[in-house]
Amino acid sequence: QVQLEESGGGLVQAGDSLRLSCATAGGTPSRLHMGWWRQGPGSARQFVAAISGTSSRTWYSPSLKGRVTISRDGSKNSAYLQIHSLRPEDTAVYYCAAAPVRSDFSGYYYTTNAYDYWGQGTQVTVSS
């Protein structure tokens, strides 16, 4: 069983940058694709970014590409999401998710069904 725990959220000002962390336990890092999602008030869960088990590939939401960077450190069993130039509309609960390595992941990384494990989320609030 894989367990995920996000951290790094909080209240920030518009224009700030923030790095979210996701600590994983119970899985082999190279055998897990990792993803970040977010859910704003009254909105559906939205894909933000994903990274392959070997870090060889990354995927980004077109609407956020250029402002976010996903990375991971296998030695620390952690994944990260750096968000730049934060805007009030970035206010959301940010979730970390993990998917066992599958050959077809690149075809549906942007769907919640691609992920087997989810963290509890960390709140990010951006004030104007």
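Modeller: Contact here means heavy atoms within 4.5 Å. This is a predicted model, where local features need pLDDT of at least 70, side-chain atom pairs count only at pLDDT 80 or more, and totals for chains, interfaces and linings use all residues. Residues are numbered from 1 along each chain as its sequence is written, and side-chain values use heavy atoms, with hydrogens and water left out.

Four strands form an open sheet in the order 1-3-8-7, with antiparallel pairing. Strand 1 (3-7) and strand 7 (68-73) are its edges, each pairing on one side only. On average, neighbouring strands are turned by 20 degrees against each other, direction ignored. Strands (E, at least two residues) are DSSP runs, numbered from the N terminus. Two strands pair if DSSP finds at least two bridges between them. Axes are lines fitted to C-alpha atoms, and angles run from 0 to 180 degrees between N-to-C directions.

Strand 7 pairs with strand 8 (residues 78-83) over six bridges, in the antiparallel sense. Asp73 has Ser78 in strand 8 as its bridge partner.

Thr24 lies in strand 3 (residues 18-25). Thr24 counts as buried because its relative accessibility is 13%, and buried means under 20% relative accessible area (1.4 Å probe, protein chains only). Beyond neighbours within four places in sequence, Thr24 touches Gln3, Leu4, Met34 and Asn77.

Ala98 sits in strand 9 (residues 92-100). Ala98 is also buried, at 0% relative accessible area. With neighbours within four places in sequence left aside, its contacts include Leu4, Met34 and Tyr115. Ala98 and Asp73 are 14 Å apart, C-alpha to C-alpha, and 25 residues apart in sequence.

Definitions and conventions: Buried < 20%, exposed > 50% of the residue type's maximum accessible area, 1.4 Å probe, protein only.
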